[in-house]
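Student: Could you pick one part of this chain and zoom in on it for me, then work outwards to what's around it? I'd like one connected walk, please.

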Amino acid sequence: MRALLYDAFGVFPRVAEVPDPVVPVDGVVIAVKATGLCRSDWHGWQGHDADIQTLPHIPGHEFSGVVAAVGSAVRRWQIGDRVTTPFVLGCGSCVYCLAGDQQVCEKQFQPGFTGQGSFAEYVALPYADTNLVRLPEELDFAAAAALGCRFATAFRGLVAQARLRAEEWIAVYGCGGVGLSAVMIADALGAKVIAVDVAEEKLALARQAGARHTINAAVLAKVPDAIRELTAGGAHVSVDAFGSQEACRNSLLSLRRRGRHVQIGLLAGDQADPSLPMGKVIAHELEIYGSHGMQAHAYPEMLDLLTAGTLPLARLIGRHISLDDACAALANLATSPETGITIIDRFAA
């Protein structure tokens with residue numbers, strides 16, 4: 001099969017012919033139809049993720065496709081099924097999985113990180129019966145590929161973690177794929193959204209996705225002050241959807257008393273240990289949550305909103321590119337002016 005891989009961290013990736021993956025006994029092989037290009041893939045390529053132990057490595061962790069092979073222990077899936085999966089695959093048997101919290105499984109498999117990923121014609125996955133999600137016929141592969149990381153992580157972060165309610169104020173820091181997903185989901189929930197970014201073109205997309213107010217942090221120095229004034233005391237919920245020390249700190253400082261902060265953006269590399277205003281967290285009884293994907297069993301609520309048109313995910317998709325184009329797209333991701341979610345959906349030479 002053809003796959004994109006890198007031989008060392010930070011070294012420009014290449015496309016090569018590699019052996020097809022072997023189907024796990026408890027898993028499947030997916031013929032990849034579409035896969036998203038995510039900032040987490042860039043962090044992995046940079047060497048920021050300790051889970052990547054073996055090089056050369058194939059990145060890619062949010063994808064959709066068709067089951068091409070089925071392991072002998074799999075009971076729920078057949079060749080030809082249209083599927084996607086969370087980027088965290090829970091083992092199904094640890095105490096966390098048995099409690100329904102596969103997203104924090106202690107023996108989790110992450111395609112593109114703990115194992116080879118989806119920037120390839122095929123990807124092998126274990127734990128299939130616990131983690132595969134059947135796709136509605138109305139949902140195309142490109143839209144489904146955006147679910148596994150950015151959209152699902154934002155959905156669970158706002159619905160399950162932050163418990164966002166209609167008419168509450170929410171500030172979203174960062175309007176990349178996960179930030180725009182958060183904006184769209186918050187608007188669908190009836191919340192009042194403030195989007196923050198340093199690029200006007202991304203803020204324009206945020207307004208299209210449902211933001212009532214936008215703030216350009218490259219122009220306005222004290223963003224938390226502006227948010228507290230706009231909301232008469234601070235946002236009920238604030239999200240760092242970018243992943244930086246400044247965005248994380250500003251998100252907390254944007255909250256009203258008893259507000260909820262959700263960390264969705266990955267804090268990695270030199271941004272891994274932010275200085276946080278813990279005195280204010282105590283005095284104002286702020287809540288801090290992480291959002292690490294979403295369990296497969298929780299997908300139906302999100303899929304129902306997608307198929308009903310309540311969450312027009314297709315609006316968030318930007319470019320469609322080939323596997324060969326993805327080499328430069330991955331390498332340049334941190335500085336790219338591209339807006340929306342980039343989808344790889346052409347794999348042949």
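Tutor: Let's start with V219, which sits in the loop between β10 and α8 (223-230). Keep in mind that this is a predicted model. Is V219 buried or exposed? With a relative accessibility of 70%, V219 counts as exposed, because the cut-off for that word is over 50%. The chain also brings V198 into the picture: V219 and V198 are 21 residues apart in sequence, yet their C-alpha atoms are separated by 7.8 Å.

β10 belongs to an open sheet of 6 strands, ordered β10-β9-β8-β11-β12-β13, with parallel pairing. β10 (213-216) and β13 (287-290) are the edge strands, and each has a single partner, so one side of each has no neighbour in the sheet. Going from one strand to the next, the twist averages 20 degrees. Lying against this sheet is helix α9 (residues 245-253), which touches β8, β11 (235-240), β12 (255-263) and β13, and its direction makes about 150 degrees with that of β12.

In β9, 6 of the 6 residues are buried, so the strand is largely enclosed by the rest of the structure. Both of its faces are covered: K192, I194 and V196 are buried on one side, while V193, A195 and D197 are buried on the other. β9 (residues 192-197) runs parallel to β8 (residues 169-173), and 5 bridges join the two. You can trace the pairing residue by residue: W169 has K192 of β9 as its bridge partner, and I170 stands opposite V193 of β9.

Next, the helices. Two packed helices are described by the angle between their axes and the distance between the axes. For α6 (residues 177-188) and α7 (residues 200-209), the angle is about 25 degrees and the axes are 8 Å apart. That makes α6 roughly parallel to α7, because angles under 35 degrees get that label. The crossing of α6 and α7 is right-handed. On the α6 side the contact is made by L180, V183, M184 and D187, and on the α7 side by K202, L205, A206 and A209. Sorted by class, those residues come out as 6 nonpolar, no polar and 2 charged.

α6 has another partner, α5 (residues 147-161): here the packing angle is about 45 degrees, and the axes are 8 Å apart. α5 and α6 are therefore oblique to each other. This crossing is right-handed as well. R150, F151, A154, F155 and L158 of α5 meet G177, V178, S181, A182, M184, I185 and A186 of α6. By class that contact holds 9 nonpolar, 2 polar and 1 charged.

Ignoring neighbours within four places in sequence, I264 touches T153, A154, V178, V239, D240 and S291. I264 counts as buried, because its relative accessibility is 12% and the cut-off is under 20%. The C-alpha atoms of I264 and G243 are 7.3 Å from each other, though the two are 21 residues apart along the chain.

Most residues other than glycine have a negative phi, and most peptide bonds are trans. E167, in the loop between α5 and β8, isn't a glycine but has a positive phi of about 75 degrees. Y127 isn't a glycine either, and its phi is positive at about 55 degrees; look for Y127 in the loop between β6 (122-125) and α3 (128-131). L55 and P56 are joined by a cis peptide bond, with omega about 0 degrees, and P56 sits in the loop between α1 (39-46) and β4 (63-70).

Note on methods: Residues numbered from 1 in each chain as written. Predicted model: local features only at pLDDT ≥ 70, side-chain atom pairs only at ≥ 80, totals over all residues. Heavy atoms only, no water. Pairing = 2+ DSSP bridges. Helix = DSSP H or I, 4+ residues; strand = E, 2+ residues; numbered from the N terminus. Axes fitted to C-alpha atoms, helices over the stretch in contact; angles between N-to-C directions. Contact = heavy atoms within 4.5 Å. Parallel < 35°, antiparallel > 145°, perpendicular 65-115°, else oblique. Left-handed = near helix turned anticlockwise from the far one by under 90°. Nonpolar A, V, L, I, M, F, W, Y, C, P; charged D, E, K, R; others polar. Buried < 20%, exposed > 50% of the residue type's maximum accessible area, 1.4 Å probe, protein only.
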